[in-house]
Amino acid sequence: MRFAAAGKSLSRALIALALLLAPLAAFAQTSEPLQFPELTGRIVDRASLLSDAQRKELSRKLEDLETKTTAQFVVVTLTSLSGRTIEEYGYQLGRRWGIGQKTTNNGVLLIVAPNERKVRIEVGYGAEGILPDAVSSLIIQRVIIPKFRANDYAGGIVAGADEIIKVLSGGGEEWKRPPQQGQQIPDWVIVLLVLLFTFGPIFLAVLITWLTVRSITRSTIHGQKQKGKKQQTFWERVNSGSSSGSSSWSSSSSSSSWSSSDSGGFSGGGGSFGGGGSSGSW
Amino acid sequence: MAANAANFFFANAVRIRSLGIVALLALFTAGCGVNAIPTYEEQAKAKWGEVQNQYQRRSDLIPNLVETVKGFAQQERDVLTAVVEARAKATQIRIDASQITDAEALKRFQDAQQQLSGAIGRLLAVAEAYPDLKSSQNFLTLQAQLEGTENRIAVARRDYIEAVRIYNTELRTFPGILWASTLYRDAKPMATFTIPEEQMRVPNVKFTK
């Protein structure tokens, strides 16, 4: 009885396993395995779209970007997408190479597949905030694709990479302008700051006068002798207050402890990707 | 005196040996995959959280999309209300990580999301007829965001399917099946997506400029 039950559950487990594996086998048959090129540097130009000089120049810019911001940005050109969409290929390539730092996932790939006529900016989890999909889309539509259409692949790649570098370095405001919401808040802040700087001193002057008058009237009530002393302590207080106030305005720049020690070999920092970015075709 | 010392030594040796056995046992069982089921379970749950997140993200984009289209194509009321209703229905069905063993609930979830995909697809198709809308900066931005979100959904779904496959396989294959039938009796196989990804995706409407 027990044996029969055990046998039954075992055979059930085997059937379940077979059922589980069957679709896998089918999957393996229908699509060819993904082929990933080797990560040979910050520029992996498998489709040979760039000249040596361009490669060197762009590679230097990408290295600069990493030392400045820790963001890893790799440019890839491919001869084939192994029969996948560029979206499906892109994030898996990024994960395989581990582009971006492990803790911040700030990796970006610019992928060009000239045979499929597809281009994609693949953005790691951590870089999605600084390089949103809409910005990637605009860079592809307005900078890269017009050049690609004119058969200027190298020009498109270099110009597109330049814009991405600009955005990743904290610039590229022209790409972020479009949505109206983004502009309202800075305007409001600027108005407030202007008001603060113009009316702030007046308010302070009024306050100081009021305090001085009050301290004088008080000291006259308490006695003529202490008047001078009391006034001085008050001004001392004001002085020390204003000096500490001005020092708090200086922004403390956080120095990043991260440094790229090896200039020769390049490897991914272990960042991951979740499908952020944008694609285009020409 | 001597006997006492020997006794003490002996007792200590026994204690050390038993400690050693316990440590070895712990190592052995850990190596044997006693932790595998809970580990894979947590991983699959985390992946489900990501799926849920990305669908939520899409849902959050819709009010803005509807407003933008409304501004240019007021007369397309039917399509617009269809999107709003599909969104309301889809946001009602939420599945938290403890419910992912329930295949029925997951099916309801993906049916609702698929309805929403269809409604968004129709809205984008309708937008094709309005050149002003198509070229509006707001709409282009939203479209890029929507595409990006669709792609993130696809990635999150694939990651979830893979995590569930690993977990379910662990439950049903050799070292795991022992632990599943003894220590983790309440561990049930998780449900996975049945509707193919292509059908879930919003149809890609290409705008010709």
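This is a predicted model: local features need pLDDT of at least 70, side-chain atom pairs count only at pLDDT 80 or more; totals for chains, interfaces and linings use all residues.

Tutor: A polar contact here is a pair of N or O atoms within 3.5 Å, where, within protein, one must be able to donate a hydrogen and the other to accept it.

The definition applies to A:Ser82, whose side chain has a polar atom 3.2 Å from the backbone nitrogen of A:Gln35. Along the chain these two residues are 47 residues apart, yet their C-alpha atoms are separated by 6.4 Å. A:Ser82 sits in the loop that runs between β2 (72-77) and α3 (86-97) of chain A. With a relative accessible area of 4%, A:Ser82 counts as buried because the cut-off is under 20%.

A:Trp188, in helix α7 (residues 180-222) of chain A, is a contrasting case. Its relative accessible area is 58%, so A:Trp188 is classed as exposed, the limit being over 50%. Together with A:Val189, A:Leu193, A:Leu196 and A:Phe197, A:Trp188 forms a nonpolar surface patch with about 530 Å² of accessible area.

Now the partner chain. Chain B has eight helices and zero strands, and 41% of its 209 residues count as buried. Among contacts in chain B between residues at least 6 apart in sequence, 83% link residues at least 24 apart.

At the interface, 21 residues of chain B are in contact with 26 residues of chain A. The two chains bury about 1,900 Å² between them, and carbon and sulfur atoms give 52% of that area. B:Gln137, B:Arg152 and B:Arg172 supply 26% of what chain B buries against chain A, more than any other three residues.

In one salt bridge, the side chains of A:Arg95 and B:Asp159 meet at 2.7 Å, N to O. On the side of chain B that touches chain A, the elements giving two or more residues are α2 (36-72) and α6 (137-172) of chain B. The largest share of that side, 16 residues, comes from α6(B).

Notes: Residues are numbered from 1 along each chain as its sequence is written. Chains are lettered from A and ligands numbered from 1 in the order in which they are written. Side-chain values use heavy atoms; hydrogens and water are left out. Helices (H or I, at least four residues) and strands (E, at least two) are DSSP runs, numbered from the N terminus. Buried means under 20% relative accessible area, exposed over 50%, partly exposed in between (1.4 Å probe, protein chains only). Patches are made of residues with over 30% relative accessible area and no salt bridge: like charges are joined within 9 Å, nonpolar side chains (Val, Leu, Ile, Met, Phe, Trp, Tyr) within 5 Å. Accessible areas come from the Shrake-Rupley method with a 1.4 Å probe; for residues, only the protein chains shown count as cover. A salt bridge is a side-chain nitrogen of Lys or Arg within 4 Å of a carboxyl oxygen of Asp or Glu. Contact means heavy atoms within 4.5 Å. Buried area is the accessible area (1.4 Å probe) that two parts lose on being put together, summed over both.
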